[in-house]
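With the model open in your viewer, please follow the stops below in order, selecting the named residues at each one.

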Amino acid sequence: MDNTQTTTANGGSGTPPPATQRRVLVVEDDPTIADAIAARLRAEGFSVHTAGDGPAAVDTAHAWQPDLLVLDIMLPGYDGLEVCRRVQALRPVPVLMLTARDDETDMLVGLGVGADDYMTKPFSMRELAARVHVLLRRVERATVAARSPRGGTLQLGDLSIDHAQRRVRVRGDDVHLTPTEFDLLACLAQTPRAVLSREQLLAEVWDWADASGTRTVDSHIKALRRKIGAERIRTVHGVGYALETPAP
């Protein structure tokens, strides 16, 4: 089978997946890596398609309507950043971005175009599967929150956080946040001025207790600062972060 083409779901059975089975599109031009990711996610109960280049990824996302993308940043055709832009323009979908380079600039750009999380190669399949589950649970929680309003808007100076609509405004202007960025801000806003450790934020926002993921927290904080203002999030070196609020 040529793994650079869109492939079969459910291990190639040709039968439609159950209505409750979540769909994951794996976009990776290395057939060995694509096969390994697809096999692990199928073992986790997901329906999986793969694509090996940018155009195939966008076409498959449009036709198949996946629930989540696992997306390599380096692709033929056009890169993962452009794939992310095009897919997100069609419909919001959580994106776990993969990069072979431990380059923070790439990570921040990826978060800026709509990715929700990232992993640097090499990575463990166990961790990748855990991150996929976490991202999908976050979407489910957001859907429930939208249907069950939680008491309106939290106002912190000129920063407002509407939990029900998952909407953020700064000085009256809407700020577009990814689902992960919103959850991170909401977590910090639960206890304004209190310092939360990276490990606490990782456990609360990502449901991930492994301290090896704390760089993910740092990169999302940097992306969040770019959108709401760097002065709003204070770094406590060696500890974590706190959301600054106007003095009473």
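Begin this tour of a predicted model by selecting lysine 121 and aspartate 72, whose side chains meet in a salt bridge with an N to O distance of 3.3 Å. The pair links distant parts of the chain, since lysine 121 sits in the loop between β5 (117–120) and α5 (125–147) while aspartate 72 belongs to strand β3 (residues 68–72), 49 residues apart. Lysine 121 is buried, with a relative accessible area of 18%, and aspartate 72 is buried as well, at 3%.

Next, select aspartate 117 and arginine 131, which form a salt bridge whose closest N and O atoms are 3.2 Å apart. Aspartate 117 lies in strand β5 and arginine 131 in helix α5, so this pair ties together parts that are 14 residues apart in sequence; both residues are buried.

For a pair in another setting, turn to aspartate 174 and arginine 167, joined by a salt bridge of 2.9 Å, N to O. Here aspartate 174 is partly exposed, with a relative accessible area of 47%, and arginine 167 is partly exposed too, at 32%. Then select Asp158, Arg171, Glu231 and Arg232, which are linked in a network of salt bridges.

Finally, select helix α1, residues 31–43, in which Ala34, Ile37, Ala38 and Leu41 are buried. These residues cover an arc of only 100 degrees around the axis, which puts them on the same side of α1, whereas the face turned away from that buried side carries the exposed residues Thr32 and Ala43.

Definitions and conventions. Residues are numbered from 1 along each chain as its sequence is written. This is a predicted model: local features need pLDDT of at least 70, side-chain atom pairs count only at pLDDT 80 or more; totals for chains, interfaces and linings use all residues. Side-chain values use heavy atoms; hydrogens and water are left out. Helices (H or I, at least four residues) and strands (E, at least two) are DSSP runs, numbered from the N terminus. The expected span of a helix is 1.5 Å times one less than its number of residues. Buried means under 20% relative accessible area, exposed over 50%, partly exposed in between (1.4 Å probe, protein chains only). The arc is that of the directions from the helix axis to the C-beta atoms. A salt bridge is a side-chain nitrogen of Lys or Arg within 4 Å of a carboxyl oxygen of Asp or Glu.
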